[in-house]
Amino acid sequence: MNDLRIALLNASGDENTPKNFRRELDAELVEFDVHETVPDTYDFDAAVVTGSRSSVYWDEPWIDALKGWVRTAVERGMAVLGVCFGHQVLADALGGRVEDMGEYEIGYREVESRDESLLLGDEPMTVFTTHSDTVTELPPGAVQTAENDCGVHGFRVNNAFGVQFHPEYDMETARVVAGGKDLPDDRIDRVLDDITEENYTKACEAKTLFGRFTAFIRGNGPSASAAQPAPSAESD
């Protein structure tokens, strides 16, 4: 039986998303479809916030509820990992800013990683990206941990970590996501042509962050302050 219990806050609306995270995370994942509800407790060792087709600045009740839950989890000392939309949720919830890029970054790209990061190394790495929003202002006290010419690709605030790219993707997921984008056909074709075994193998280096995240949780232990009931929605 796994010694870690992680809340998987699924914002994607895609049934394949939990499968990808279950494959990569050595932990018991308790899934929540955050379009419907957020957890009513913080009795978890950590939380992971997934990607989404939505933007964090949309005026949607479920997005506000998710940001409120994440903000409180971080304040209570819970380890939190945000991926893509989850990375942006962390930034916004903790006082940063997320904005429309005015363009789309998609496909295998290289990001520069910094040695301040626990989850990433200090060498450039290949990652799969798909986003049109970006963190334009880091939260107070945050340390940027990864970047490329499209902006911030990683940051850390205490026990909270965000990455803009998708380390959980396999080749099938990358193809399905890329093929479903409302972009010119020739651009989609270039992205699909680039989803090769060679590039996927390179991108698998980024998957090591999941093992580092669970090792970090085990090293720090569950936060006593996290194991308390969540406030009601009315109190946010």
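1. Contact here means heavy atoms within 4.5 Å. By that rule, Trp62, Leu66, Lys67, Val70, Arg71 and Val74 in α2 meet Phe85, Val89, Leu90, Asp92 and Ala93 in α3. The residues of this contact divide into 8 nonpolar, no polar and 3 charged. The classes are these: Ala, Val, Leu, Ile, Met, Phe, Trp, Tyr, Cys and Pro count as nonpolar, Asp, Glu, Lys and Arg as charged, and the others, Gly among them, as polar.

2. Some ground rules. This is a predicted model, in which local features need pLDDT of at least 70 and side-chain atom pairs count only at pLDDT 80 or more, while totals for chains, interfaces and linings use all residues. Residues are numbered from 1 along each chain as its sequence is written, and side-chain values use heavy atoms, with hydrogens and water left out. Helices (H or I, at least four residues) and strands (E, at least two) are DSSP runs, numbered from the N terminus.

3. Back to the helix pair. Two packed helices are described by the angle between their axes and the distance between the axes. Helix α2 (residues 61–75) packs on α3 at an angle of about 70 degrees, and the axes are 9 Å apart. That makes α2 roughly perpendicular to α3. Axes are lines fitted to C-alpha atoms, for helices over the stretch in contact, and angles run from 0 to 180 degrees between N-to-C directions. Angles under 35 degrees count as roughly parallel, over 145 as roughly antiparallel, 65 to 115 as roughly perpendicular and the rest as oblique.

4. Two strands pair if DSSP finds at least two bridges between them.

5. What lies across the sheet?

6. β9 deserves a look from each side. Strand β4 (residues 79–83) runs parallel to β9 (residues 160–163), joined by 4 bridges. Here Val83 stands opposite Val163. β8 pairs with β9 in the antiparallel sense, over 4 bridges. In that pairing Val157 stands opposite Ala160. The hairpin of β8 and β9 has 2 residues between the strands, and Asn158 takes a positive phi near 55 degrees.

7. Are the faces of β9 covered or uncovered? Both are covered. Ala160 and Gly162 on one side are buried, as are Phe161 and Val163 on the other. Buried means under 20% relative accessible area, exposed over 50%, partly exposed in between (1.4 Å probe, protein chains only). In a regular strand the side chains alternate between the two faces of the sheet.

8. The structure holds 13 salt bridges. The criterion is a side-chain nitrogen of Lys or Arg within 4 Å of a carboxyl oxygen of Asp or Glu. Arg109 bridges to Glu105, with the closest N and O atoms 2.7 Å apart. Glu105 is buried at 1% relative accessibility, whereas Arg109 is partly exposed at 25%. Arg22 bridges to Glu31, with the closest N and O atoms 4.0 Å apart. Arg22 is partly exposed at 40%, and Glu31 is partly exposed at 38%.

9. Helix α6 (residues 197–203) carries Lys202 and Glu198, 4 residues apart, which separates them by about one helical turn. Their side chains meet in a salt bridge (3.9 Å, N to O). Lys202 is partly exposed at 41%, while Glu198 is exposed at 55%. Elsewhere, salt bridges that share partners join Arg23, Glu24, Asp170 and Lys207 into one network.

10. Last, helix α7 (residues 208–220), which includes Gly211. Gly211 is partly exposed at 41% relative accessibility. Is Thr214 buried or exposed? Thr214 is buried, with a relative accessible area of 4%. Leaving aside neighbours within four places in sequence, Thr214 is in contact with Leu4, Ile6, Leu25 and Asp26.
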